[in-house]
Amino acid sequence: MADMHFPTYTEIETARDRLQAVAQVTPLDYSGTLSQLAGSRIFLKLENLQKTGSFKLRGAFNKLHTLSDVERSRGVIAASAGNHAQGVAYAASLQGIPCTIVMPQNASLAKVSATAAYGADVVLAGSSYDEAYAHARELQVTRGLTYVHAFDDPAIIAGQGTIGLEIVQQLSTVKAIVVPMGGGGLAAGVALAAKTVRPDVRIIGVEAAAAACFRGSLDAGAVTTVPLAATVADGIAVKRPGDLTFAMAQRLVDDVVTVEEEEITRSMVLLLERSKLVAEGAAAAAVAAAVYQKIPAGLGDTVIVLSGGNIDVTVLSKVIEHGLTEAGRYLQIAVLVADRPGALHGLLDVIAELGANVVTISHQRVGPGIAFGQTKIEIDLETRDKRHIQEVIETLRKKGYQPRERM
């Protein structure tokens with residue numbers, strides 16, 4: 001730890017000055033809905049509206065600005081499957097620095113295309129981030145490039161810390177700041193900036209339970225590596241905290257809480273429906289911590305950093321469908337009816353009387369479990385809540401149908 005260079009508040013102020021013509025000062029938006037659910041006044045720091053769709057541009061631009069002329073001429077390299085890739089690529093294009101980004105071969109086409117559109121040379125390597133990272137480190141050595149770490153770098157942390165400066169200036173009454181945590185660069189920077197100005201402000205980090213490396217490391221009192229499970233919050237799916245960010249978190253972050261996958265997806269749908277905001281899983285994790293009261297109620301004015309909005313449309317559609325299903329707003333059933341005129345009409349009459357809305361419908365006359373003279377009707381329904389779903393199922397059974405829920 002003695003050899004670490006910890007960023008300073010002055011370096012965050014310098015980063016802010018560098019970013020004035022590059023990054024947006026994102027809005028701070030009060031949410032009545034979230035305030036009611038959380039039991040505190042909730043404000044959203046809308047970094048999902050930042051250029052490149054996330055906060056990552058701040059740290060990337062600041063880091064690249066600190067490079068020597070020789071380093072700039074040789075170029076930079078980074079490994080990422082998403083936001084860091086786009087942030088570094090865009091920052092490099094603004095400063096005229098050659099940039100290589102290594103992404104996993106299974107990275108989404110949308111993110112690969114966006115990164116390339118910012119001028120980066122995109123290299124696809126490996127089936128996971130770890131394999132892409134290893135390849136990036138090999139290229140760094142062979143090509144003499146400068147590696148731009150996603151979080152464990154003082155210049156990166158200082159750049160992310162500009163968000164903390166903006167928050168305390170935008171809301172002088174702030175009592176708590178809730179920040180998603182992956183590698184910890186965002187939380188470390190925000191905590192340093194905010195607590196320097198307002199030492200009484202509480203900083204609460206939020207991790208996906210499937211990737212809780214900070215919570216595990218803090219409990220152990222040392223940096224530890226945790227196994228990763230699949231999570232929709234891929235932006236904070238990190239096995240191991242940074243050494244620098246962990247040391248800062250021990251000193252500056254008041255608590256780290258975890259949220260479950262269902263809580264994250266429901267929060268994504270909630271933000272879409274009630275706030276008209278697209279948030280990726282990592283950003284929604286911080287909202288979930290407030291909505292599902294993983295953080296104390298009554299904290300006073302609380303700011304949640306909505307860290308990014310980069311999510312594939314296909315993934316978003318699945319999240320919406322899953323979230324609506326979990327909330328009892330969407331029901332998929334299969335019903336066997338007699339293959340004769342009027343049978344479908346009778347089934348739909350029952351559904352209409354119950355106030356459920358048919359989204360899609362399909363017929364299948366041949367297949368497993370379908371007897372001669374029968375038709376299987378598969379119906380997708382919009383429902384009000386779980387009680388309404390139960391009413392639909394029970395009424396259909398009373399009418400002689402045997403509905404089976406489809407997954």
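**Terms and model**

Two strands pair if DSSP finds at least two bridges between them. Helices (H or I, at least four residues) and strands (E, at least two) are DSSP runs, numbered from the N terminus. The model is predicted: local features need pLDDT of at least 70, side-chain atom pairs count only at pLDDT 80 or more, and totals for chains, interfaces and linings use all residues. Residues are numbered from 1 along each chain as its sequence is written, and side-chain values use heavy atoms, with hydrogens and water left out.

Four strands form an open sheet with parallel pairing, in the order 5-4-3-6. Strand 5 (121-124) and strand 6 are the edge strands, and each pairs on one side only.

Within this sheet, strand 3 (residues 76-79) pairs with strand 4 (residues 99-103) in the parallel sense over four bridges. Ala79 has Val102 in strand 4 as its bridge partner.

Another open sheet has six strands in the order 1-2-10-7-8-9, and its pairing is mixed. Its edges are strand 1 (28-31) and strand 9 (255-259), each of which pairs on one side only. From one strand to the next the twist averages 30 degrees (axes are lines fitted to C-alpha atoms, for helices over the stretch in contact, and angles run from 0 to 180 degrees between N-to-C directions).

Helix 12 (residues 261-275) packs on this sheet and touches strands including strand 2 (42-46) and strand 8 (202-208); contact means heavy atoms within 4.5 Å. The direction of helix 12 makes about 90 degrees with that of strand 9. Strand 7 (residues 176-180) and strand 10 (residues 302-306) pair in the parallel sense over three bridges, and Ile177 stands opposite Val303 in strand 10.

**An aromatic pair**

The whole structure holds four aromatic pairs (ring centres of Phe, Tyr and Trp, its six-membered ring, within 6.5 Å; planes under 30 degrees apart are stacked, over 60 edge-to-face, the rest tilted). One of them joins Tyr133 and Tyr147 edge-to-face, at 5.6 Å centre to centre and 90 degrees between the planes. Tyr133 lies in helix 7 (residues 129-143) and Tyr147 in strand 6 (residues 146-147), 14 residues apart.

Tyr133 counts as partly exposed because its relative accessibility is 26%, whereas Tyr147, at 8%, counts as buried. Buried means under 20% relative accessible area, exposed over 50%, and partly exposed in between (1.4 Å probe, protein chains only). Arg137 lies over the face of Tyr147, at 3.9 Å from the ring centre (CZ of Arg or NZ of Lys within 6 Å of the centre and within 35 degrees of the ring normal).
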